[in-house]
Amino acid sequence: MSVTTETTTPVETLPESKAIQHQIVIVGGGAAGITVAAQLLTRNKALDIAIIEPSDKHYYQPGWTLVGGGVFKLEETVRDEKSCLPEGTTWIQDYGETLDPDNNMIITRKGIRVNYNYLVLCPGIQIDWHGIKGLKEALGKGSVSSNYSKDFAPYTWETIQNFKGGTAIFTQPGTPIKCAGAPQKIMYMADDVFKSKSGVGVNTQVLFCTAGGKIFAVPEYCETLEQVVDRRGIQVNFHHNLKEIKPDTQEAIFEVTKDDSVQEVSIHYDMIHVTPPMSAPDFIKNSLLAVQDGPKKGWVDVDKDTLQHNRYPNVFSLGDASSLPTSRTAAAVRGQAPVLVENLLAVINSQAQTDKYNGYTCCPLITGYNSAVMAEFDYDKNIDTSFPFNPAKERFSMWLVKRNLLPWLYWNRMLKGKPFEGKLVKAFAWKSKG
């Protein structure tokens, strides 16, 4: 594979005439950045594309739920970053640090000055572990775990296996998060394990403590999940936002909102899986490219249909760091990438942008070790299913898709910029609807 790596000469010793220049710079070498680069080069191999990405490893993050559930080993979710980058790209192995859109420039953490003609921002989401007091110190021991880190997902499975009964808490914060269904997925798998052990299931109370007021945003899928928790005897506590972990006394402190009042509630845990609060990366929040005010403040300010920046026409964004009002999933990226590519090429070629993204996303909601609901929907929370059957029903076939098919498609089709073919995988084809 022909992937070049830029030198990392400090900016203070780099003459202006030798500043790095690329036609298209993509910030983020995760699922979104690699998919966009691969699709662009499929359309035009002559494009000069650089990817700014610090990590030398690339993870299939949707697999971490299955790591936490004992289905995958962590090593099954990782590849070398260089092996994932499209042939013909330039890899700048560094962090984006300062965005200067008025001068079409990025300065990296190591001080590299990178100039661009066009910019694609997709650095992913920031995990704010510090947003819950005591969490950073408690994670990875004392039955406190989180699948939102490769460092702790294996410990989730260890905790589930060693659980002897009591109170098992699974949390969801009030901020946008990666894959809004993930906090529930691990809960249902854990409940399966508890119920399979003699004496553990009957001596266990599973609690789902969410800052939200519903178990899922789309009514049809919400109804199914309400039936799941009712069938399993899981207690759902709405408007419960985790604020502190006290590992010495095994207490979870929640801020509970009720009738316009806020009170603090302590719940004992024997194990707890924490979904931490999340936000746009700080270097995005602190830049001119972020939404400046309102509920979307801090996220990359893009048009929800075209994915073009609302103030800087040579900037585009997709994925977790964007202001797009849809779920942050790999499937959303599959829907966004071809629209962004089409519209970016139109701008490069001085043509009108004609492609629109309708908000399509997909969340494979695991409801047990042999069942899942393939939740597909659009911006308006309308079902946007690709299968000729009721999408809100739990199915063994959708579990097989989640466990076996999606990882293969990710590594072999999505990251290579290839469309998904065949009737069985129609649901995961590139979607672009006006």
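**Entry 1: Arg43 and its partner.** I started with Arg43, which is partly exposed, with a relative accessible area of 47%. I kept in mind that I was looking at a predicted model. Which residue does the side chain of Arg43 meet in a salt bridge? I found Glu342, at 2.9 Å from N to O. Glu342 sits in helix α9 (residues 330-348) and Arg43 in helix α1 (residues 31-43), so I wondered how exposed the partner was, given the cut-off of over 50% for exposed. Glu342 turned out partly exposed as well, at 30% relative accessible area. This pair links distant parts of the chain, 299 residues apart.

**Entry 2: Glu97 and Arg109.** Next I checked the side chains of Glu97 and Arg109, and they meet in a salt bridge at 3.2 Å, N to O. Glu97 lies in strand β7 (residues 96-100), while Arg109 is in the loop between β8 (105-108) and β9 (113-121). They are twelve residues apart. Is Arg109 buried or exposed? I noted it as exposed, because its relative accessible area is 52% and the cut-off is over 50%. Glu97, at 37%, is partly exposed.

**Entry 3: Arg231 and Glu394.** Then I looked up Arg231 and got a salt bridge with Glu394, 3.1 Å from N to O. Arg231 belongs to helix α7 (residues 219-232), and Glu394 to the loop between β22 (371-377) and α10 (396-414). Glu394 is partly exposed, with a relative accessible area of 23%.

**Entry 4: a network.** I also found Asp191, Asp192, Lys195 and Arg232 joined into one network by salt bridges that share partners. How many salt bridges does a search of the whole structure find? I wrote down eleven.

Conventions: Residues are numbered from 1 along each chain as its sequence is written. This is a predicted model: local features need pLDDT of at least 70, side-chain atom pairs count only at pLDDT 80 or more; totals for chains, interfaces and linings use all residues. Side-chain values use heavy atoms; hydrogens and water are left out. A salt bridge is a side-chain nitrogen of Lys or Arg within 4 Å of a carboxyl oxygen of Asp or Glu. Helices (H or I, at least four residues) and strands (E, at least two) are DSSP runs, numbered from the N terminus. Buried means under 20% relative accessible area, exposed over 50%, partly exposed in between (1.4 Å probe, protein chains only).
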